[in-house]
Amino acid sequence: MDFQLSPRQTELIDAARDIARRKLLPLTADHSVEGVRRLRRAMAEHGLLGLDIGEEHGGAGLPLLDTLLIIQTLQEEAPELGALAHRSSTGAIGAIRHHGTEAQKNRFLTGVTKGELGVAIGITEPEAGSAATAMTTRAEIDGDHVVLNGRKQFVSFVQHTEHTVVYCRFGRSGKARDIGAVIVPHDAPGFSRSAGTLNMADELQFELFFDDCRVPRDLVLLDGNAFGKLISVYNAERLGSIARMLGNATFAYRFALDYAGQRRQFNRPISDFQGIQWMLADMRVRLDAATLLVWRAAANADAGAGTGLPRRDETSIAKLFVAEAAKRICDDAIQIAGANGYMKDYPLARRYAETRGGSIYGGTLQIHRNMLASEILGREISQWKRADAPAS
Ligand SMILES: Cc1cc2nc3c(=O)[nH]c(=O)nc-3n(C[C@H](O)[C@H](O)[C@H](O)COP(=O)(O)OP(=O)(O)OC[C@H]3O[C@@H](n4cnc5c(N)ncnc54)[C@H](O)[C@@H]3O)c2cc1C
């Protein structure tokens, strides 16, 4: 067991930080569709997209732990960088990397690493939030096409992507085994989206509508019996989001430390006050514990039987601890910065708001506690009331 990063990992982190500061930060202020595309292309030029995608598809071919270290580093520098690094690596593209056909991999993995395309993920529906397997969006094969009908909601980043991996039902059993996934191009006939709703962090979440939406059949990713497979890959996506929360918490901790040394009250720096010192000490304890849980989940995935995917229990443990710790660290940083910390022209409000979402997306903290309890007790604990419910 080794709790030190290797010299190579430290080099990777330093190089990513250096490129971010010298080349990328000036591009992060433009949140328009064209601005984000420009940033995406610039990150591709510097090898910061597709971190865990194989070199044969233009990626960096990094193991999961190194991928998360870079996502976290870029997130510390700017949330826009962390978002693109995650979305092009551990994000929705992961389902294609693990389960796509060769043709799908050549098209999508290569497109993503070149910064030419992006992929969103559509799981949630109005009546299927935590109960994801209650989804009703249907896919039916029709000759050379697959036809989708249904609706998704709260989908992130749709304005900056060209495709969505849509989880949907292929069969009519009503059970989880019907669920598969289709890669839906946003210009497919019968596809439309809402204008988007702003969340707390000023990011847009979209509704997606599928109205006899016709997609070439070769874009079917998994045609049923795939919920378990999709969720296994989704655990890596969860760790990518968790690395972003850790990046926000690290940023907030460093910001608070610096602020406490600069800000003077009662003719002394506020870091002279024990009330502030203890807050900083607690922030550091939470940050270190959170970091180690993420490293464990990722290192064990890399050391596993070859799938490179994290264990379900270690992912949930990391998620449960990091989400709470990161919220608390961001909150404490705001407290240390006083009214300045609460102002939107200071960076902490956005870091807090973004981190807050992590307790809801990717499985709420309650759902992760349910999943962890299933692991601990060694049996699936169904949340469904009826014996014939989709998950049973
Ligand atoms: C910032 C953000 C980004 C998102 N991005 C995407 C995206 O890109 N794609 C996508 O498909 N979705 C996305 N979502 C949606 C997200 O996955 C859902 O919000 C999440 O699954 C919870 O569903 P819900 O909001 O309907 O809450 P509900 O399922 O209605 O839950 C409401 C409350 O009840 C609790 N609860 C529900 N069931 C149980 C239970 N069995 N035991 C204990 N408590 C329970 C929940 O924990 C929660 O506190 C995003 C959400 C957010 C906030």
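Begin by selecting arginine 87 and phenylalanine 157: the charged end of arginine 87 sits over the ring of phenylalanine 157, 4.4 Å from the ring centre. A charge is said to sit over a ring if NZ of Lys or CZ of Arg is within 6 Å of the ring centre and within 35 degrees of the ring normal. The model is predicted, with local features needing pLDDT of at least 70 and side-chain atom pairs counting only at pLDDT 80 or more, while totals for chains, interfaces and linings use all residues. Residues are numbered from 1 along each chain as its sequence is written, and side-chain values use heavy atoms, with hydrogens and water left out.

**Helices H3 and H4**

Next, select helix H3 (residues 64-77) and helix H4 (residues 79-87). Helices (H or I, at least four residues) and strands (E, at least two) are DSSP runs, numbered from the N terminus. The axes of H3 and H4 come within 5 Å and cross at roughly 155°; H3 is therefore roughly antiparallel to H4. Axes are lines fitted to C-alpha atoms, for helices over the stretch in contact, and angles run from 0 to 180 degrees between N-to-C directions. Angles under 35 degrees count as roughly parallel, over 145 as roughly antiparallel, 65 to 115 as roughly perpendicular and the rest as oblique.

To display the contact (heavy atoms within 4.5 Å), show Ile71, Leu74, Gln75 and Glu77 of H3 together with Pro79, Leu81, Gly82, Ala83, Ala85 and His86 of H4. By class, this contact of H3 with H4 has six nonpolar, three polar and one charged residues. Here Ala, Val, Leu, Ile, Met, Phe, Trp, Tyr, Cys and Pro count as nonpolar, Asp, Glu, Lys and Arg as charged, and the others, Gly among them, as polar.

Which residues form one aromatic cluster? Select Phe251, Phe255, Tyr259 and Tyr346 to see it. The whole structure has five aromatic pairs. Rings of Phe, Tyr and Trp (its six-membered ring) pair if their centres lie within 6.5 Å; planes under 30 degrees apart count as stacked, over 60 as edge-to-face and the rest as tilted.

Phenylalanine 255 and tyrosine 346 form an edge-to-face pair, 5.8 Å centre to centre and with 80° between the planes. This pair links distant parts of the chain, 91 residues apart: phenylalanine 255 belongs to helix H7 (residues 227-262), and tyrosine 346 to the loop between helix H10 (338-342) and helix H11 (348-357). Phenylalanine 255 is partly exposed because its relative accessibility is 22%, and tyrosine 346 is partly exposed at 24%. Buried means under 20% relative accessible area, exposed over 50%, and partly exposed in between (1.4 Å probe, protein chains only).

**Individual buried positions**

Move along helix H7 to alanine 236, which counts as buried at 9% relative accessibility. Not counting residues up to four places away in sequence, alanine 236 touches Thr90, Leu309 and Pro310.

Then select alanine 226, in the loop between strand E9 (220-222) and H7. Alanine 226 is buried, with a relative accessible area of 0%, and is in contact with Ile179 and Gly180 once neighbours within four places in sequence are left aside.

Glutamine 153 is in strand E3 (residues 145-156). Is glutamine 153 buried or exposed? Its relative accessible area is 16%, so glutamine 153 is buried. With neighbours within four places in sequence again left aside, the contacts of glutamine 153 are Thr124, Glu125, Pro126, Phe206 and Glu207.

Select aspartate 202 in the loop between strand E7 (197-198) and strand E8 (204-216). Its phi is near 65°, a positive value in a residue other than glycine, and aspartate 202 is partly exposed, with a relative accessible area of 48%. Phi of asparagine 267 is likewise positive, near 65°. Asparagine 267 is found in the loop between strand E10 (264-265) and strand E11 (268-269) and is exposed, with a relative accessible area of 68%.

Finish at arginine 369 in helix H12 (residues 365-377), partly exposed at 45% relative accessibility. Arginine 369 is in contact with Leu320 and Glu324, leaving aside its neighbours within four places in sequence. The C-alpha atoms of arginine 369 and aspartate 313 are separated by 9.7 Å, although the two residues are 56 apart along the chain.
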